[in-house]
Structures are given as C-alpha cells and as structure tokens.
Amino acid sequence: MNTATDTSFDAAQLPMRTELAACVRLMHDAAILNYNGHVSARIAGEDRLVIHSLVTPRSEVGPDDFVVCDLDGVVPEAAPGHKPPSEVHIHSEIYKARPDVGAIAHIHSESVIAFTLTTDAPCLKLVRCDAVRWRSGIPMHTDPTRIRNGKQGAALAATLGPHRAALMRAHGAVLVAPSARAVFADTIQFDENARAQLLAATLGTPAPLSEAELDALEEASPPEFLDHYVNKIWRYYVERGRAAGLIPDDWATHLT
Ligand SMILES: [Zn+2]
C-alpha cells in the first residue's frame, strides 16, 4: 500500500475510498479484475471522481491509493508518484454524460470478453433471473482499442447511452450503478450471467429469459428488494474477503 500523503483527499472521503478499495480487492480475488480493469466513484455532488492509482497492484489497493480527477480526466492534485489508469477517460466521460451514475467498473473478465469475440455464436443474453436489470439492453462498443482520450471515452459513453452495461469489442465491458457497492453487485452478477450462458451452451441451446419472464421478474424485484440484494452480495463478499485476509479488520466500520 502506498502510504504517501495525498493532499487532494479530505477525511470525509475515507468511507468511500475504503469501500472502493474493498471493491477492487474483491473483484481482483474474483478474477474480474487482474492486471487490468478499474473501479471509480463520483464524489457526491461534485464533478470529480475517485479512482485507484495506476501504480498500486489491485490486490493491494488501500484507502490511500486513490487519485482524484476532474471530468476531463485531469488530476488537479495528487501525491508524488500517483496517477490515474490510462483509461481514466472511460470514467470521466461517462460521469459527464450520466449524472445518475455514482460508480463505474471497467472489467476485462474472460467470460464476458468471450461474448465480444464471436460472429457465429449467440451474443450475451439475459439467462439468469438476476440479469433482468440489464433488460434495457447491453450495447456493443465496436472500437477494440484501449480508451486513451476524451474523444474515445465520449464515444463509449454514447454507446452506453441510458443502459447499465456495455460490452467493448475484443476488450471487456463497462458497468454503471448508483453506488460502489451496487456496481460491485452488478459486476459479480454480470459475470455470473455470462458464465451461466457459456455453461448452458455446453449442454444445449441456452434459453434466454422471455419477455413474460422478464415482466414477472421486474414485478418481483421492487427497488427495496434490489437494495437488499446489493447489501446481501456485498456482505457475503466482504465477510469472505475478511476471512481470507483480503480485507483488514480495521476497515470494518466503513464496510457495514
Ligand atoms: Zn480496458
């Protein structure tokens, strides 16, 4: 963990940075992040975001290993040596386009990437009941290159549109949600849905959820249920991470 003092942080950000650090470590442990991929959160009420520093391995990210950026991906202040990931414009441009988004995950999960590689196989479908929240659509961004500047980030934000997730051709995916723990839950279940479709395809032809089934699932999933589910997933992974030594005990007060 980098212990350098980052003058851009104030104490009020500590709970958010601790939660984001836990997200990064737990997604890394779930092989959703590896040497690539990142998670960010918007600073509430501001046009600034917090994202983990490029220099810290994802398995070691702690509350001090973050960078604050504006929505042009510029770092106004940071401790020496800290800098944002090279694809920070994924995050800055989506926050700029989507005021409703509070957190973003960009992932390079192998099971998700598989669905960006084929032309003769089914594309990613909604197969598990939890996948109903991507009913509005999962568009494909066709630029296979890394997102290196604001123009590319804005193009990805346009592809995402009003949706909660987009695939990125031969690259990965981006998911957005109102909060860090919500984007964590979404990312875990997005990956589960992709793996479930791959597994089902080994048995036969996967049967995506029908419109009638999606209607029923939406009716059975009011917002208070989804909030409960997000917290259920979060607590499960935090406790598992704590038992495995991934999450320090002194982070507990910020992760309840
Ligand atoms: Zn990437």
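**Sheet**

I took helices (H or I, at least four residues) and strands (E, at least two) as DSSP runs numbered from the N terminus, and I let two strands pair if DSSP finds at least two bridges between them. The model is predicted: local features need pLDDT of at least 70, side-chain atom pairs count only at pLDDT 80 or more, and totals for chains, interfaces and linings use all residues. Residues are numbered from 1 along each chain as its sequence is written.

Strands of a sheet pair through backbone hydrogen bonds, either parallel or antiparallel.

I checked the pairing of strand S1 (residues 38–42) with S2 and found it antiparallel over 3 bridges. Serine 40 has isoleucine 51 of S2 as its bridge partner. The two strands S1 and S2 form a hairpin with 5 residues between them, and glycine 45 in that turn has a positive phi of about 75°.

On to S2 and strand S3 (residues 66–70): they pair in the antiparallel sense over 5 bridges. Here leucine 49 has cysteine 69 of S3 as its bridge partner.

Is strand S2 (residues 48–52) mostly covered or uncovered? I found 4 of its 5 residues buried, so to speak mostly covered. My cut-offs: a residue is buried if 20 or more other C-beta atoms lie within 10 Å of its own, exposed if 12 or fewer, and partly exposed in between, with C-beta atoms placed from the backbone.

**Helix H2**

I count two residues as in contact if their C-beta atoms, placed from the backbone, lie within 7 Å. Axes are lines fitted to C-alpha atoms, for helices over the stretch in contact, and angles run from 0 to 180 degrees between N-to-C directions.

How many of the 10 residues of H2 are buried? I found 9, so H2 is largely enclosed by the rest of the structure. The buried ones are Val88, His89, Ile90, His91, Ser92, Glu93, Ile94, Tyr95 and Lys96. They pack against S1, S2, S3, S4, H4 and S7.

**Helix pairs**

Two packed helices are described by the angle between their axes and the distance between the axes.

Helix H2 (residues 88–97) packs with helix H4 (residues 150–160) at an angle of about 55°, the axes being 8 Å apart. That makes H2 oblique to H4; I used under 35 degrees for roughly parallel, over 145 for roughly antiparallel, 65 to 115 for roughly perpendicular and the rest for oblique. On the H2 side I listed His89, Ile90, Ser92, Glu93, Ile94 and Ala97, and on the H4 side Gly150, Gln152, Gly153, Ala154, Leu156, Ala157 and Leu160. By class, this contact of H2 with H4 has 7 nonpolar, 5 polar and 1 charged. I counted Ala, Val, Leu, Ile, Met, Phe, Trp, Tyr, Cys and Pro as nonpolar, Asp, Glu, Lys and Arg as charged, and the others, Gly among them, as polar.

Helix H1 (residues 14–29) and helix H5 (residues 180–201) pack at about 15° with axes 9 Å apart. That makes H1 roughly parallel to H5. H1 passes H5 in a left-handed crossing.

**Two residues**

I looked up isoleucine 104, which is in strand S4. With 25 C-beta neighbours inside 10 Å, isoleucine 104 counts as buried. Leaving aside neighbours within four places in sequence, isoleucine 104 is in contact with Ser40, His91, Ile94, Val174, Val176 and Val183.

Valine 75 lies in the loop between S3 and H2. With 16 C-beta neighbours inside 10 Å, valine 75 counts as partly exposed.

Note on methods: Left-handed = near helix turned anticlockwise from the far one by under 90°.
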